[in-house]
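Please keep the sequence and the 3D view at hand while reading.

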Amino acid sequence: MEALDEIKVRIEAAIPGARLEIIPNPGPANQSSLLLDHAHASTVARFLRDDPALRLDYCSNVTGVDWLERTVKKKVKVKKVVEGEEKELEETREEIFSGYLEAVYHLYSMAHKHGPLVVRLRTRDRAEGAHLPSLTPVWRSAEFQEREIYDLYGIHFDGHPDLRRILMWDEFTDHPMRKDYREPDDYEYEPTPHDDVLEKAKQHYVPRPAQDGTANIAAQ
Amino acid sequence: MSLSTRAQHSAVEAPPGMPSRLDGELLEVSMGPQHPSTHGVFRMNVALEGEVVRRLKPVFGYLHRNHEKIGENTSYLGSMPYTDRLDYICSMSNNWGYALSVEKLAGIEVPERAEYLRVILAELTRLVNHASLLGFLLSDMGAWGTPLMYAFRERENILDLFESLSGSRMMCDYMRFGGCRCDLPPGWMERARKVVDGFPHFLDEFEQLITGNEILIARTQEVGKLSAELAISAGITGPGLRASGVNYDLRKVDGYGFYPRFKFRVPLGEHGDCYDRLMMRVLELRETLGILRQAMDDLPAGPIMNPKVKIRAFKPPVGEAYGRIEAPKGELGFYLISDGSGNPYRYRVRPPSLINLTVLEDMCLGHTVADVMVILGSIDIVMGEVDR
């Protein structure tokens, strides 16, 4: 297979307006990846699949990654004038990288027996209802795996034929693979009529702070 | 349903896109999760028209324990015994897949003897998996018990070998990053040779039992056909893909381990039906025996662990890696992202069993409900891996 930057140049020539970025992989595995923009993702995917030199007809692995917002502290040397004298001082600056969710696709070619080409898609933020274009219409093997990402990470894939929860039950509300997920105290909680009774019973009791006067103390 | 209600409903039009053969009425049946032929806690919501399947939606998650989250919260070594529980029939292959990915992530070399041992154990696992699958599949088709017991007799011999090597029959936890945990006990190789030499007898007997059997042919030929184009697009791997005539075996394509050193052929099917998928396993078993004999003859002496690797306080450099092996069920991949700390930032298992189920509905449509069990059996799933 050609090098990643050559592929990038060819895609940009074939699909005008496609914004691509190479994400380097510093590790020994040396599998760098290609970041696609949302608008051209499925066109680029189709190009990768159908291009006679690439023929990446087999999408092996699709997965989500959660990147939290992180602050990186950097020490920067700054020249400053202190008491009429120019001095070089060290300052710590904080750089904030906003968090995002990511879908990673590992593409191989069964026709030419090469690969992998790693393709990434990133959401704008980590909010509920983050969107990405679905690549299931291009590679059917993404169907269950994108459903799994939707289930566990909460990325909505536009254009997915059947986007439902796959591993968690339908009534479940959170996304367990997110890094800031906090597990509930009671997994198997189901609301029952008895809960309403308990809720009503609570209203009969006087709130505790008013009873022993702590509320007044706090007010003073 | 009484005759009078049937007459009433016959005027109702069939749902759009569903040609009516009876009275256009679909019966929703929930098959599983407690069903003897679903190979675990797997459920299918099937819509039947008479006996014919018109819609099939698989339901997952009954065995979900978020393996990947647990993997992210534990050390790299801590996940190794837990990979045994993915596909609990083939723990050695799972160990290898994980070890291979971590070795890619950290750039670790593996000594020669360890690579040979890995090939031998992974191929023994393939014998276990394919033999028991054939037994299960025939059991699903009504050959109750006998073929399964024949297969389990052979499996038992191999599990004894695993036990004397690793201390456990099924949850072996044998491989490590940069090698294997312990060397062979004395006399192990002689016993393994005896098992491998006795295996063709079982295979001949088994093949006589199945290949010419009229009932088996009627139940499997032309059932659950899968075209090569759909198989590639849907990411089907392993014997299921090769039964459709696609020559893609990671042992040849990636050439991981020392597989390029061994001579073996990749059997290919023609029709992509259940019969081809079944025979693919029988043919692969014969090739596997060949690889085992070669590996056992050539096994070199030497160390089994790379001494430079600190497996306990293991901290790979920042980066990511995707490693994959040809597990008995298909491509088993592990995707790891390291942030330089002692546990992976992202730990992902690419389960062949789950992705091979993508086309279950396409394969079952138009067949009778009794064929669904045969088709599902021929895909070969283990729920520990599907749900993770």
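## A buried glutamate in chain A

E102(A) counts as buried, because its relative accessibility is 1% (buried means under 20% relative accessible area, exposed over 50%, partly exposed in between, with a 1.4 Å probe and protein chains only). The residue belongs to strand β6 of chain A, residues 100-109; helices (H or I, at least four residues) and strands (E, at least two) are DSSP runs, numbered from the N terminus.

The side chain of E102(A) makes a polar contact with the side chain of W67(A) at 2.7 Å and another with the side chain of R122(A) at 2.9 Å. A polar contact is a pair of N or O atoms within 3.5 Å; within protein, one must be able to donate a hydrogen and the other to accept it, and residues adjacent in sequence count only if both atoms are side-chain atoms. Apart from neighbours within four places in sequence, E102(A) is in contact (heavy atoms within 4.5 Å) with residues including T63(A), V65(A), L121(A) and I155(A).

## Basis of the model

The model is predicted: local features need pLDDT of at least 70, side-chain atom pairs count only at pLDDT 80 or more, and totals for chains, interfaces and linings use all residues. Residues are numbered from 1 along each chain as its sequence is written, chains are lettered from A and ligands numbered from 1 in the order in which they are written, and side-chain values use heavy atoms, with hydrogens and water left out.

## A hairpin in chain A

Strands β4 (residues 70-82) and β5 (residues 85-97) of chain A pair in the antiparallel sense over 13 bridges; two strands pair if DSSP finds at least two bridges between them. Within this pairing, K73(A) stands opposite E94(A) of β5(A). Two residues lie between the strands in the hairpin, where E83(A) takes a positive phi near 50°.

## The interface

How much area do chain B and chain A bury between them? The figure is about 3,700 Å², 55% of it on carbon and sulfur atoms. Buried area is the accessible area (1.4 Å probe) that two parts lose on being put together, summed over both. In chain B, E320(B), Y322(B) and Y345(B) lose the most area to chain A, together 17% of what that side buries. The contact involves 44 residues from chain A and 48 residues from chain B.

Five salt bridges cross the interface of chain B and chain A, a salt bridge being a side-chain nitrogen of Lys or Arg within 4 Å of a carboxyl oxygen of Asp or Glu. K179(A) forms a salt bridge with E72(B), with the closest N and O atoms 3.1 Å apart. Strand β6 of chain B, residues 319-327, gives the most to the side of chain B that touches chain A, with five residues.

## Strand β6 of chain B

Nine of the nine residues of β6(B) are buried. Both faces are covered, with G323(B) and I325(B) among the buried residues on one side and E320(B) and Y322(B) among those on the other.

Nine bridges join β6(B) to the antiparallel strand β7 of chain B, residues 330-338. G323(B) stands opposite F334(B) in β7(B), and a hairpin joins the two strands through two residues.
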